[in-house]
Structure formats: C-alpha cells, structure tokens
Amino acid sequence: MNRDLNRYGSAAIFCLAVIQIGATDHVTREALKVERLLQTIERQSSRSDARGLSAIVTESELNAYIAYRLVQEKSAYIDSLDVDLQPNNHVQGNISLDAQGLSLDAIIGEYLNFHVKGILVARDGAARLDLISVQLNGRPVKPQVLDFVLDTAARYGGADPGRSEGWYELPKGIKRIAVRQDQAILYY
C-alpha cells in the first residue's frame, strides 16, 4: 500500500510540476512578446518615414513583463508589482516591498503592501500617474508615504529617487500611452 501511495504521490507531484512549467512558460512568452514589441518600436522610431502607429499590450502581458523585469533587474526591495488597467486611463496597482531590507520595518511595519489608484497622463514621450488614492496595508495614507518608501528603495538600489506623481520617460520611441479595460495602447 505504501508503494501505491508513493507512486500516486510521485505522479501527482510530476503533474503539478508539468502544469507549473507550462504556466511559467506562458508568462515568459508574454513577457518576451512585450520585450520584442518595445525593441521593434525603438527601431521604428529611428526611421525618418515613421508614421503614427500603435500597438496593444494586454494587462496580462504587461504584468508578465513587469514580473520578468523585476527578476532581470534583481530588484532586492520590490517583491511584486502588478497593475489593473481600467477604462478612461484609470490604473490601479499593488506593490509589495521588503520592509526589513529597506530598514523600514521598525518605522512603518513589517509589511509594505501599497495599493494605488490613479489616472495615467501621457504625452511627448513621458507619463505620470495622477494619484486618486494610496493605501498601505489596507489603510489610507498620504502619497508622501509612498514617495518616502520609493525614495528609500531607490537610494538602497543606487538609483535616482523619483516621486510617485513625477513625469517619467517612456521607453524609447513611445510617444504616449492610452489605457482602456485590460489593455494599454502604445502610440509610436
């Protein structure tokens, strides 16, 4: 009987591993699709005859790309970041940061789970998020708390600090972005 349990247990673990590999492969494919799209847009922008073009990136592809980039950049302080694309340029997102790694656990708490809502404004190759609300671990906080944490993470990571509502350069070649339900439209 023990042999049968071991055999079935092994089969179950094998099936779960195959499912996980398939899911991981799908996420990687979506991330690489976005990466190739961005590379194509960058090449297109150098052409003098480039006319106004657009491409659609789904919410699933965008989240896969964000996760892929976090792994590639070995971001030690950002545990996860995901976005929810909504109609009329509305965006929601969740970002989880390593409070202990940032030495903020004694000040803010052990968990740094931010939920933000805002409106994406993009033009002339730059974008910003006009915040509507910010929550930390389910409680409303001022945007300055998010700015403080992001500033600390940037300093620890050796990057230039920014502001949550500052203008940020879009990937090369992208002129603007529009958001609708579950999709981002990249204009280039």
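Predicted model: local features only at pLDDT ≥ 70, side-chain atom pairs only at ≥ 80, totals over all residues.
## Asn94 in strand β3

Asn94 sits in strand β3, which spans residues 90-98. Its relative accessibility is 31%. Buried would require under 20% and exposed over 50%, so Asn94 counts as partly exposed.

## Contacts of Asn94

Leaving aside residues up to four places away in sequence, Asn94 touches Ser80, Leu81, Asp82, Phe114 and His115. Strand β2 covers residues 78-85, and strand β4 covers residues 111-123. Ser80, Leu81 and Asp82 therefore fall within the β2 range. Phe114 and His115 fall within the β4 range.

The side chains of Asn94 and His115 are joined at 2.7 Å.

Gln135 lies 41 residues from Asn94 along the chain. The C-alpha atoms of Asn94 and Gln135 are 9.5 Å apart.

Most residues other than glycine have a negative phi.

Asn89 belongs to the loop between β2 and β3. With a relative accessible area of 22%, Asn89 is partly exposed.

Ser103 is placed in the loop between β3 and β4. Its relative accessible area is 43%, so Ser103 is partly exposed.

Terms used: Residues numbered from 1 in each chain as written. Heavy atoms only, no water. Helix = DSSP H or I, 4+ residues; strand = E, 2+ residues; numbered from the N terminus. Buried < 20%, exposed > 50% of the residue type's maximum accessible area, 1.4 Å probe, protein only. Contact = heavy atoms within 4.5 Å. Polar contact = N/O pair within 3.5 Å; in protein donor to acceptor, adjacent residues only side chain to side chain.
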